[in-house]
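Here is a friendly walk through one protein model, from its overall build down to a single side chain. Have a look at the structure first, then read on.

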Amino acid sequence: MKPVRAVQYVDRDTGTAVGEVPDPVPGPDDVVVAVEACGLCGSDVHAIANGSVAPGQISGHEFSGRIAALGANVTGWSEGQPVAASPLGSCGKCRICARGLPFRCPNAPNIGITATGAYAEYVRVPARQLVLLPDELPVEIGSHAEPLSVSSQAVKLAQVGPGDPVLVYGVGPIGLYAIMALKLAGAGPIVAAGRSAGRRQAAVDVGADVVIDTREISVPEYAEQSGTRFAAVIECSAAPGAFNEAISVTEPGGTVVEVALTPEVAPVPLFGIISDGLHLVGSCAFSDETYAESVAHLAAGRVPVGRLVSERVSLDDTPDALRRLQTPGTLVRILSLPSS
């Protein structure tokens with residue numbers, strides 16, 4: 001078994017480094033995917049910076065590539081096919097999976113989180129997690145399916161449609177994909193709020209109707225000055241106080257969807273929630289159905305995901321890119337291209 005190259009976590013001081021690991025072998029129901037593109041996710045960046053990753057762990061869960069090997073029981077797939085791969089393991093049988101929450105399945109690991117990830121030349125994937133990409137589509141585009149699915153799931157939970165004003169609080173990649181998902185749902189006007197100049201410009205590029213700089217005006221101040229209350233707020237910032245600000249600008253009967261993985265323990269204004277009949281919901285990851293829908297949107301060219309890519313880096317340059325994303329500046333999204 002020849003070794004292959006991958007980005008592994010070393011320690012909190014070093015972060016990650018490229019090393020050699022065993023060539024993955026598919027189990028009976030698995031395939032091995034040659035990774036062509038893997039997005040550098042903010043959750044990976046924060047976990048590596050905080051040292052909450054096991055030594056030797058290979059992260060990476062936003063990926064696409066081509067099938068390189070098939071397990072003994074795998075049918076309907078062949079080597080060389082281009083695929084997007086959901087990282088979410090699922091037995092498909094338990095009560096949690098039946099609720100559309102495969103990432104919480106107690107019986108299956110999640111790639112790049114509790115299983116070996118895709119900052120690597122090759123990764124093992126259960127065949128049930130694959131979605132075929134059209135031959136004419138650049139394989140790289142499939143790496144956008146995972147973050148688009150995260151945002152699309154949040155938009156579904158927001159239950160918005162045409163004529164519904166929506167606030168996207170936070171214009172990191174997930175907030176930007178949320179804007180695109182809201183456009184697909186027909187919602188609007190869409191107001192985006194954030195600090196980074198580069199990412200605010202990206203919000204304009206992907207369809208936000210209004211973009212505010214939260215360093216100059218707060219969300220409650222904007223809502224008061226514009227006379228706007230929102231049918232839904234999709235909170236993607238994890239900024240201190242953002243959750244309560246979101247509640248304060250939501251119209252009666254509206255929904256606040258908390259997407260950001262925030263450590264904040266927020267005081268909840270129960271009287272206002274009850275008297276206004278607000279809906280509060282947490283949204284993490286996505287269902288299998290949402291992932292397949294995201295691939296279909298990408299294949300049809302319905303979402304301008306190419307506008308989000310700031311850089312494409314080699315596997316050797318991925319550790320440095322993960323460090324730079326700790327203070328992203330104008331960077332929006334970086335793709336690692338292991339096969340290059």
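What radius of gyration would a compact globule of 340 residues have, and what does the protein chain have? The rule for a compact globule gives a value near 20 Å, and the protein chain has 20 Å, so the two agree. Please keep in mind that this is a predicted model.

**The chain as a whole**

Along the principal axes, the C-alpha atoms occupy a box of roughly 65 × 40 × 35 Å. The secondary structure consists of 10 helices and 15 strands. Of the 340 residues, 52% are buried. Among contacts with a separation of 6 or more, 66% link residues 24 or more positions apart. The accessible surface is about 14,700 Å², and carbon and sulfur atoms account for 52% of that surface. As for charge, there are 23 positive and 35 negative side chains, with the centres of the two sets 2 Å apart.

The table lists its two pairings.

| E4 | 62-70 | antiparallel | four | Phe63 |

Is Tyr291 buried or exposed? Tyr291 has a relative accessible area of 2%, and since buried means under 20%, Tyr291 counts as buried. Tyr291 belongs to helix H9, residues 288-299. Arg66 lies 225 residues from Tyr291 in sequence, and their C-alpha atoms are 18 Å apart in space.

**Helix H1**

Which residues of helix H1 (residues 42-50) are buried? They are Asp44, Val45, Ala47 and Ile48. These buried residues pack against strand E1 (3-11), strand E2 (15-22) and helix H10 (318-324). Just past the end of H1 comes Gly51, with a positive phi of about 75 degrees.

Technical notes
Residues are numbered from 1 along each chain as its sequence is written. This is a predicted model: local features need pLDDT of at least 70, side-chain atom pairs count only at pLDDT 80 or more; totals for chains, interfaces and linings use all residues. Side-chain values use heavy atoms; hydrogens and water are left out. Helices (H or I, at least four residues) and strands (E, at least two) are DSSP runs, numbered from the N terminus. The radius of gyration is taken over C-alpha atoms; the globule rule is 2.2 Å times the number of residues to the power 0.38. Buried means under 20% relative accessible area, exposed over 50%, partly exposed in between (1.4 Å probe, protein chains only). Contact means heavy atoms within 4.5 Å. Accessible areas come from the Shrake-Rupley method with a 1.4 Å probe; for residues, only the protein chains shown count as cover. Lys and Arg count as positive and Asp and Glu as negative; His and the chain ends are not counted. The place of a charge is taken as NZ of Lys, CZ of Arg, CG of Asp or CD of Glu. Two strands pair if DSSP finds at least two bridges between them.
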